[in-house]
Amino acid sequence: MTDGERTIKIEPVTRLEGHGDLTIRLTKTGKVKDVQFNVTSTRFFEKFLEGRFAEEAPILAPRICGICPVPHHLASVKAVEAAWDVTPPPAAVKVRRLHINAKQLSSHGLHFFALAAPDFLAGPFGDPAKRNVAEIIKALPDVGKLALHVMQFGQDLSGSVGGRPVHPVTSVPGGLLSPFSEEKRDAFLKQLDSLKEWTTATVELAKKVIEDYWDPITKLAVVPTYYLGTHKSGNLEIYDGQIRVMDPEGKIVADFKPKDYRKHLGEHIPDHSYATHTFYLPAGYPEGVWRANTLARCNIADRMATPLAQEALEEMRAKLGRPIHATFAYHWARVIEMVQAVEEIEMLLKDPDIVSTDVKLSDVQPKKGNGVGCVEAPRGTLIHHYWTDEKGVITAANLIVATNNNIAGIEKSLLEAAKQIFEKRAHESLKLPEPKIR
């Protein structure tokens with residue numbers, strides 16, 4: 001740093017998965033010189049997996065993330081099955097879809113209510129001590145109860161399907177350790193009406209937040225990037241499908257099977273971070289930087305997979321277009337995906353196959369091969385790629401997690417926001433609502 005220059009360091013950046021710091025460097029005239037999102041530690045999970053029997057991978061992989069252990073569990077078991085040419089019974093796939101939708105609901109509820117809502121309800125300039133979910137429960141008990149109901153339903157269902165709420169154990173190569181019982185199915189069916197009421201209330205709350213914060217949503221950190229996500233016949237999909245890439249103008253530039261990800265995905269290792277930055281390979285780095293996560297999925301998909309979620313998507317596109325580059329619209333997209341998760345949960349719980357006992361193959365044989373497992377984690381596309389030897393031991397692993405698919409886009413958003421705040425003082429002219437919590 002030269003004389004007169006200033007560095008702002010925020011460490012750690014809370015409310016994020018993993019460990020990260022934020023560094024903003026300003027020139028002596030107050031111009032933004034650089035913004036870095038620094039991931040300051042490594043996890044070594046690719047090395048941890050080497051030498052392990054592949055059957056163990058779906059148990060180890062969920063430890064990567066405390067927020068999204070279910071997507072890691074499912075991407076891992078799908079990678080093993082792909083390496084060994086195993087296709088699980090259809091009923092097992094339906095239970096897995098129930099599992100990932102339960103986690104989608106739980107995680108999105110956690111993000112909306114516990115991570116984002118405190119800033120919206122207390123206001124971005126409110127007392128930091130007030131900006132947490134405990135204060136929401138205290139000051140707005142009805143909203144607090146709603147938050148706890150939504151999160152608890154998703155977490156309870158996820159735990160019932162996965163064997164435990166965090167770090168699931170149910171899915172194994174070839175299917176499931178045990179079927180989903182009628183008793184458990186019936187218990188959650190009884191709660192469906194309440195779940196739909198909570199979801200409707202959440203949507204109404206989100207619409208009010210969007211209306212109140214329309215100025216920041218449409219003006220702050222609006223950054224064109226590429227977008228990455230999974231679809232199935234054009235529908236937004238989180239368990240199985242094709243991967244799509246959309247360019248900043250809204251053109252679909254790639255649409256491929258997950259096993260072909262290396263033809264389209266580039267990895268850049270910056271000097272300031274342990275986390276790799278992924279990007280659209282033909283466009284190069286940094287021009288091809290993409291974003292994943294909720295808004296990216298809503299951008300690349302032609303439509304939602306369920307009717308009420310489709311109505312919500314149409315409403316968002318009517319107001320913001322397609323593609324949507326507004327970073328704050330990620331929260332809106334998150335609520336739309338919550339609606340789809342609830343609709344899919346209802347459909348799956350009412351499907352007779354969800355309690356089928358035909359959920360595991362009896363002839364799964366470890367062998368030499370390599371396979372890719374891909375699902376959508378709440379925060380973006382998740383890829384597990386394993387190579388196994390003749391005994392089914394993992395000889396190499398490549399993991400592209402949601403953080404990798406977002407971090408370069410996060411830096412672009414932060415750079416734009418920093419320029420708007422430090423150079424243009426944009427935050428002083430934004431229209432903001434009166435805080436609900438003081």
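Visitor: Why is Pro 435 called partly exposed?

Guide: Buried means under 20% relative accessible area, exposed means over 50%, and partly exposed is what lies in between, with a 1.4 Å probe and protein chains only. Pro 435 has 26% relative accessibility, so it counts as partly exposed. This is a predicted model, in which local features need pLDDT of at least 70 and side-chain atom pairs count only at pLDDT 80 or more, while totals for chains, interfaces and linings use all residues. Residues are numbered from 1 along each chain as its sequence is written, and side-chain values use heavy atoms, with hydrogens and water left out.

Visitor: Where is Pro 435, and which residues does Pro 435 touch?

Guide: Pro 435 belongs to the segment after α13 (402-423), where helices (H or I, at least four residues) and strands (E, at least two) are DSSP runs numbered from the N terminus. Leaving aside residues up to four places away in sequence, Pro 435 touches Leu 121 and Ala 122, a contact being heavy atoms within 4.5 Å.

Visitor: What makes Lys 130 partly exposed, and which residues does Lys 130 touch?

Guide: The relative accessibility of Lys 130 is 26%, so this residue counts as partly exposed. Lys 130 sits in the loop between α4 (90-122) and α5 (133-139), and, not counting residues up to four places away in sequence, it touches Ala 122, Glu 135, Ile 437 and Arg 438. Although Lys 130 and Arg 438 are 308 residues apart along the chain, their C-alpha atoms are separated by 7.3 Å.

Visitor: How do you know that strand β13 is largely enclosed by the rest of the structure?

Guide: Strand β13 (residues 369-377) has 9 residues, and 7 of them are buried, so the strand is largely enclosed by the rest of the structure.

Visitor: What makes β13 and β14 a pair?

Guide: Two strands pair if DSSP finds at least two bridges between them. Between β13 and strand β14 (residues 380-388) there are 9 bridges in the antiparallel sense, and Cys 374 stands opposite Ile 383 in β14. The two strands, β13 and β14, form a hairpin with 2 residues between them.

Visitor: Why is the protein as compact as a globular protein of its length?

Guide: The protein has 13 helices and 15 strands. Its radius of gyration is 22 Å, close to the 22 Å that the globule rule gives for 438 residues, so the protein is as compact as a globular protein of that length. The radius is taken over C-alpha atoms, and the rule is 2.2 Å times the number of residues to the power 0.38.
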